Amino acid sequence: MRITIVPAGPRTSAATIRQLLSTAPASVDVYGVYRNISKAPAEFLSHPNFHAVRGDVEDASSLDLGGSDAVMTVTPPFFGAEDPFAKAEEVSRNVKDAVERAGGVKRLMLLSSMGAEFADGVGEIKTNHIAEKVFRTTNVPEILFVRCAYFMENWAMLNFQTLRGSDPYLNSLVTPLDFELPMVAVEDIGSAFATGLLSSHAPPAKPYVFALHGPKDYAPNDVQVAFSEAMGKHVPLKAIEKAQMAGFFGAFIPSHLVEAWVEMSSSFLPGGVAAPGSDGIENVDVVRGKVGLGKAIKDAVKAGV
């Protein structure tokens with residue numbers, strides 16, 4: 001069996017590859033598609049069942065998925081694109097066409113996001129809505145969309161600078177600070193995709209859409225506790241209110257993308273179109289992962305935040 005991950009660079013793709021290489025039978029070969037093969041981790045390259053191949057989701061002619069039985073794909077963020085939504089459609093079509101050209105692909109799995117059912121009002125998450133729309137007509141027997149909750153590791157990524165200072169603290173884009181929302185660890189994402197790619201059981205629908213959450217929902221106050229425990233010191237928590245989001249994002253992403261990121265972050269807050277319990281949210285199956293917030297944050301701190 002051949003499983004292909006395209007693109008293989010994102011952390012969710014790497015988590016899936018890591019899980020496959022540690023659990024899949026010896027008869028399973030895992031192919032990772034990289035724009036630059038030198039970016040393939042040494043831990044993967046040393047495994048006899050892993051194969052790094054060159055391919056760029058932005059270059060349709062470079063994608064060869066021939067021989068693949070199952071394919072996982074991710075729509076990465078496009079910080080350099082003038083229009084990230086047009087770019088999301090372009091790369092999704094490139095991968096879809098490559099899957100169909102390959103012939104023999106039985107199962108296609110797409111990493112999507114909560115809120116992807118909405119065409120408007122969710123900012124950058126709209127790239128996932130576009131990807132789902134493109135991939136749902138792929139000519140393969142089985143299609144699965146995995147709508148992941150808020151990544152637990154995003155707390156470390158978005159607070160990289162403040163956590164590394166002499167007086168570390170956390171900024172929270174989620175307000176109020178006791179507001180709970182679904183979160184999931186990247187480790188659980190890797191496990192869910194590895195399980196799905198290896199499974200011989202047919203999904204109940206085409207496409208089959210399900211949500212992937214952690215073992216429970218969490219609030220920013222829980223995140224503060226997790227970081228304080230992981231770092232062995234009290235880590236203050238500061239709320240970034242909606243009116244402050246543009247300034248927060250403007251410090252590290254291109255100005256033309258700020259509005260979309262503000263809209264995305266606001267969409268999950270109370271009253272937002274994609275907030276838990278909102279009327280327009282699709283009723284899909286929810287799969288719960290096993291990794292708690294405390295472990296995910298401890299691992300992120302151990303990795304150097």
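The radius of gyration used here is taken over C-alpha atoms, and the globule rule is 2.2 Å times the number of residues to the power 0.38. With 305 residues, that rule puts a compact globule near 19 Å, and the protein chain has 19 Å, which agrees. Please keep in mind as you read on that this is a predicted model.

**Overall form**

Along its principal axes, the C-alpha trace spans about 50 × 40 × 35 Å. Of the 305 residues, 53% count as buried. The chain exposes about 13,400 Å², and carbon and sulfur atoms supply 52% of that area. Contacts reach well along the sequence: among those between residues at least 6 apart, 76% join residues at least 24 apart. The secondary structure comes to 11 helices and 12 strands.

**The sheet and its helices**

Let us turn to the sheet. Eight strands form an open sheet with parallel pairing, in the order E3-E2-E1-E4-E5-E6-E10-E12. Its edge strands are E3 (50-54) and E12 (285-288), each of which pairs on one side only. On average, neighbouring strands of this sheet are turned by 25° against each other, direction ignored.

Within the sheet, E4 (residues 70-74) and E5 (residues 107-113) run parallel and are joined by five bridges. Val74 stands opposite Leu111 in E5.

| Helix | Strands touched | Angle with the direction of E5 |
|---|---|---|
| H4 (residues 126-135) | E4, E5 and E6 (142-148) | about 160° |
| H7 (residues 186-198) | E1 (2-6), E4, E5, E6 and E10 (208-213) | about 160° |

How much of H4 is covered? H4 is mostly covered, with seven of its 10 residues buried. The buried residues in H4 are Thr127, Asn128, Ile130, Ala131, Glu132, Val134 and Phe135. The cover over them includes E4, E5 and E6, together with helix H3 (84-102). For background, an α-helix has 3.6 residues a turn, so residues three or four places apart point the same way.

**Two cis peptide bonds**

Two prolines are worth a look in the viewer. The peptide bond from Val6 to Pro7 is cis, with omega near -10°. Pro7 lies in the loop between E1 and helix H1 (11-23). A cis peptide bond also joins Thr175 and Pro176, where omega is about -5°. Pro176 sits in the loop between strand E8 (170-172) and strand E9 (183-184).

**An annotated region**

An unreviewed UniProt entry places the feature "domain: NAD(P)-binding" at residues 12-128. Over residues 12-128 the chain is 32% helix and 20% strand. The end C-alpha atoms of that stretch are 15 Å apart.

**A closer look at Ser265**

Ser265 is found in helix H10 (residues 258-267). Is Ser265 buried or exposed? Residues count as buried under 20% relative accessible area. Ser265 has a relative accessible area of 12%, and is therefore buried. Which residues is Ser265 in contact with, leaving aside its neighbours within four places in sequence? They are Leu173, Met245 and Phe249.

Definitions and conventions
Residues are numbered from 1 along each chain as its sequence is written. This is a predicted model: local features need pLDDT of at least 70, side-chain atom pairs count only at pLDDT 80 or more; totals for chains, interfaces and linings use all residues. Side-chain values use heavy atoms; hydrogens and water are left out. Two strands pair if DSSP finds at least two bridges between them. Helices (H or I, at least four residues) and strands (E, at least two) are DSSP runs, numbered from the N terminus. Axes are lines fitted to C-alpha atoms, for helices over the stretch in contact, and angles run from 0 to 180 degrees between N-to-C directions. Contact means heavy atoms within 4.5 Å. Buried means under 20% relative accessible area, exposed over 50%, partly exposed in between (1.4 Å probe, protein chains only). Accessible areas come from the Shrake-Rupley method with a 1.4 Å probe; for residues, only the protein chains shown count as cover. UniProt positions are given in the numbering used here, feature names are shortened, and annotations may be inferred rather than shown by experiment.
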